Amino acid sequence: TNLPSVAQTQSAYFPIGTIAYSGGISGVQGDLVTKHFNSLVSENDMKWNSLQATQGVFTYTNADAQVAFAKAKGMKLRGHTFAWHQQVPAWVFQDANGNALTPSPASKALVLQREVDHITNVLNHFAPNVASFYAWDVVNEVIDPSQADCMRRSSWYTLTGTDFIDTAFRTARALLPASVKLYYNDYSTTDAAKLVCIQKMVAGLKSRGVPIDGIGHQMHISLNYPTPAAVANTVRTLATAFPGISQQVTEMDIKINDNGPFYTLYEDIPASVHAQLGYAWRNYFNTFRQLNGLIDSVTIWGQGDNHTWLTSGTEAEAPLLFDTSLKAKPAYWGVVDPS
Ligand code: XIL
């Protein structure tokens with residue numbers, strides 16, 4: 001069709017990204033990706049359990065296909081992700097007999113060595129294509145504001161303290177050129193307590209000389225929450241606290257509402273809700289653009305509502321720009337036509 005390309009309408013402001021998944025980069029879905037986006041991130045295929053499900057056995061088939069696609073289409077890539085408490089295989093935190101490691105200096109050394117080995121293998125593998133990458137989510141979702149020390153009680157944390165964070169950034173930095181910026185990526189960054197924790201963690205990293213270039217705001221959000229003003233406040237707060245830090249929107253999608261109304265079937269979602277979503281996308285993108293360079297990349301966590309992690313067997317969601325048939329929705333128009 002002759003719809004304006006999302007990427008072209010945003011290119012004066014930031015690259016506009018979307019996810020790649022097996023089956024999503026061929027046929028009409030692949031054409032949609034190519035036409036509307038100029039940045040790509042693997043939805044799952046660069047996570048630890050995809051690349052090294054079994055210790056020492058690395059599987060790059062899907063990730064390589066996505067990198068080759070991006071390269072062929074002249075798209076840039078975000079890498080995602082190294083240190084995360086999810087989609088990491090159990091063996092990382094087990095001994096040779098498959099028993100859970102208990103905290104000790106030896107366990108800590110073992111887990112940190114596994115982390116270094118993983119990151120090293122992955123970045124050596126992608127080294128020939130490193131020019132296509134511009135960002136990497138090195139550490140993902142490690143903050144829990146309900147803890148006095150702000151740190152999520154994951155196996156990473158239990159076995160290494162916060163050293164897994166420093167080690168991930170240092171290892172990645174040693175293997176990547178400065179053109180690939182390194183991110184801490186998290187959700188709910190507008191939460192006041194979480195924002196304080198993020199600032200504490202980043203300040204700590206910087207004081208120890210740990211190389212971090214930026215903060216990723218996932219932005220898995222709801223129709224009415226958080227407000228665009230709250231997002232702008234978070235971005236400005238971090239920009240002021242850490243002059244020159246890069247900030248990116250890394251995984252945006254909009255749920256109808258966390259507390260309902262819920263719709264069982266996609267067809268049940270009323271036109272009025274699609275319209276409200278359209279206004280929401282418009283308002284958020286107006287804010288991103290008005291932040292005038294403070295946000296330097298925006299990635300949407302999917303293309304059409306046919307493929308979204310938010311729709312379950314009992315709940316239909318319409319969180320993306322295109323519908324389940326890949327037709328443009330009000331959400332699309334909200335992004336490309338802010339008038
Ligand atoms: C999600 C994927 O979209 C799903 O397919 C998968 O089952 C779970 O992970 N935060 C992140 C992303 O950093 O990697 C997650 O992606 C969504 C939440």
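This is a predicted model: local features need pLDDT of at least 70, side-chain atom pairs count only at pLDDT 80 or more; totals for chains, interfaces and linings use all residues.
Visitor: How are two packed helices described?

Guide: Two packed helices are described by the angle between their axes and the distance between those axes. Start with H5, residues 105-126, and H7, residues 163-175. Their axes are 10 Å apart, and the packing angle is about 30 degrees.

Visitor: What does that angle make H5 relative to H7?

Guide: Roughly parallel. Angles under 35 degrees count as roughly parallel, so H5 and H7 fall in that class. The crossing of H5 past H7 is right-handed.

Visitor: Which residues make the contact between H5 and H7?

Guide: From H5, look for Lys 108, Leu 112, Glu 115, Val 116, Ile 119, Thr 120, Leu 123 and Asn 124. From H7, look for Asp 163, Phe 164, Thr 167, Ala 168, Thr 171, Ala 172 and Leu 175. By type, this contact of H5 with H7 has 8 nonpolar, 4 polar and 3 charged residues.

Visitor: At what angle do H8 and H9 pack?

Guide: At about 25 degrees. H8 covers residues 192-207 and H9 covers residues 228-241. Their axes lie 11 Å apart. H8 and H9 are therefore roughly parallel to each other. Their crossing is right-handed.

Visitor: Which residues of H8 and H9 meet?

Guide: H8 brings Leu 195, Ile 198 and Gln 199. H9 brings Thr 234, Thr 237, Leu 238 and Ala 241. The contact of H8 with H9 divides into 4 nonpolar and 3 polar residues, with no charged ones.

Visitor: How do the axes of H9 and H10 cross?

Guide: They cross at roughly 25 degrees and come within 9 Å. H10 runs over residues 271-290. That angle makes H9 roughly parallel to H10. H9 passes H10 in a right-handed crossing.

Visitor: Which residues of H9 and H10 meet?

Guide: Pro 228, Val 231 and Ala 232 of H9 meet Asn 283, Tyr 284, Thr 287 and Phe 288 of H10. Here the count is 5 nonpolar, 2 polar and no charged residues.

Visitor: Now the ligand. How many residues are around the ligand, and which come nearest?

Guide: There are 13 residues around the ligand. Glu 43, Lys 47, His 80, Glu 251 and Trp 301 come nearest.

Visitor: What lies 3.1 Å from a nitrogen atom of the ligand?

Guide: An N or O atom in the side chain of Glu 141.

Visitor: Let us turn to the backbone. What kind of peptide bond joins His 80 and Thr 81?

Guide: A cis bond, with omega about 0 degrees. Thr 81 sits in strand S3, residues 76-83. His 80 is also one of the residues nearest the ligand.

Visitor: What is omega for the bond from Gly 260 to Pro 261?

Guide: Omega is near 5 degrees, and this bond is cis. Pro 261 belongs to the loop between strand S8 (246-255) and H10.

Visitor: What is the phi of Asn 292?

Guide: Phi is near 55 degrees. That is a positive value in a residue other than glycine. Find Asn 292 in the loop between H10 and strand S9, residues 295-300.

Methods:
Residues are numbered from 1 along each chain as its sequence is written. Side-chain values use heavy atoms; hydrogens and water are left out. Axes are lines fitted to C-alpha atoms, for helices over the stretch in contact, and angles run from 0 to 180 degrees between N-to-C directions. Helices (H or I, at least four residues) and strands (E, at least two) are DSSP runs, numbered from the N terminus. Angles under 35 degrees count as roughly parallel, over 145 as roughly antiparallel, 65 to 115 as roughly perpendicular and the rest as oblique. A crossing is left-handed if the near helix is turned anticlockwise from the far one by less than a right angle, and right-handed if clockwise. Contact means heavy atoms within 4.5 Å. Ala, Val, Leu, Ile, Met, Phe, Trp, Tyr, Cys and Pro count as nonpolar, Asp, Glu, Lys and Arg as charged, and the others, Gly among them, as polar. A residue is near a molecule or strand if one of its heavy atoms lies within 4 Å of it. A polar contact is a pair of N or O atoms within 3.5 Å; within protein, one must be able to donate a hydrogen and the other to accept it, and residues adjacent in sequence count only if both atoms are side-chain atoms.
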